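Thanks, everyone. Please have the sequence and the model open.

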Amino acid sequence: MMASSEGGLSVADIQRRFKTNGLFLRSGALRRLDETLQQLAQQLNGSRLVKALDMIIQQICDQTLSSNAVEEDQIVAALTKLHQEGRGGTTVTTKDVFSICDAFSMPKFVYNIDRKTFVPSPTQPMLHSNPTAKAALFRDRYTVLLQRTQRNRLFRAALPGVTSDEESFKITPVDALLGIRKSKDQDSEESAVLILLGMLTQLQEGKFYLEDINGSVLLDLSETACCSGLFTESCFVVAEGKYVDGIFRVATLGFPPPEPRMETRAVFGSIDFTGCMPD
């Protein structure tokens, strides 16, 4: 059984820290890191030890990782790099400051719903794509925005058995509206308030629809309060309103919530989206 870092971080603490950055440690990597932190615990207090661990994680995230599983050699490389920097043994070059990435050499990723992560696309990007590429573009865009929105604290589902005082919302797929049977007489009070995520489009001239990968629904925008921003056809929006008599009457229209870079990196930090990250 692996020991914990005496007077410092336990093995569970180490694993939890890596997990929040979208990584997990192989047994050899965990053993090597635990031994290193045990040695550092004799010199550093709790907060400084946590900072040292964060510096190691940052070095690993800066490496080109083939998966989110961290191997022992990657721990060794991170420790060696930090040791060199501590001795002032590194020289900052232009390559360290910025990188120029060729758009045609950048890897293409798509979000895999089942694995809940980005995976390399089976098709390579090209200047002149086939007719199906336009539909795939909007479908991929919807999937990326949906997973990001559902991660937001306003839409994050509560864990089983965990109660929270903070109100959360749920994104309703368009095809789920088909099961709702409400008449105009039930509009004001009895119809449930729903939230949809989808693309604004005109399937008929002069009539706006909201479309997701499951279907589309006609919108009534006559009494809609819009958040700040520029709303155009083919933009993705979050619509709050009621579904009445086959029409979704939008009360509020806004954009999917943004996500800070560090939060995204905590989830997908092991993925090199540009192909230009230093080794």
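The lining of the second largest pocket divides into 11 nonpolar, 6 polar and 3 charged residues. In that count, Ala, Val, Leu, Ile, Met, Phe, Trp, Tyr, Cys and Pro are nonpolar, Asp, Glu, Lys and Arg are charged, and the others, Gly among them, are polar. A caution on the source: this is a predicted model, in which local features need pLDDT of at least 70 and side-chain atom pairs count only at pLDDT 80 or more, while totals for chains, interfaces and linings use all residues. Residues are numbered from 1 along each chain as its sequence is written, and side-chain values use heavy atoms, with hydrogens and water left out.

Back to the pocket. The second largest pocket has a volume of about 570 Å³. Lys 108, Ser 121, Thr 123, Pro 125 and Asp 140 are the closest to its centre, out of 20 lining residues.

For the method: on a 1 Å grid over the protein atoms alone, a pocket is an open set of points where a 1.4 Å probe fits, with protein on both sides within 12 Å along at least five of seven lines, and lining residues have an atom within 4 Å of a point. Grid points are joined across faces, edges and corners, and the volume is the space filled by probe spheres set on the points.

Now the largest pocket. About 650 Å³ of space lies in it. It is lined by 23 residues, and the closest to its centre are Lys 116, Leu 146, Gln 147, Gln 150 and Arg 151. Here the elements that give two or more residues are α6 (132–151) and α7 (261–268). By class, the lining of the largest pocket has 13 nonpolar, 6 polar and 4 charged residues.

Buried means under 20% relative accessible area, exposed over 50%, and partly exposed in between, with a 1.4 Å probe and protein chains only. Which residues does Val 267 contact, leaving aside its neighbours within four places in sequence? They are Gly 22 and Arg 151, where contact means heavy atoms within 4.5 Å.

Next, backbone angles. Most residues other than glycine have a negative phi. Ser 234 has a positive phi, near 75°, and sits in the loop between β8 (225–226) and β9 (236–244). Asp 245 also has a positive phi, near 55°, in the loop between β9 and β10 (247–254). Ser 234 is partly exposed at 35% relative accessible area, and Asp 245 is partly exposed at 47%.

Last, the overall counts. The protein has 7 helices and 10 strands, taken as DSSP runs numbered from the N terminus, helices being H or I of at least four residues and strands E of at least two. Buried residues make up 32% of the 279 residues. Of the contacts with a separation of 6 or more, 64% are between residues 24 or more positions apart.
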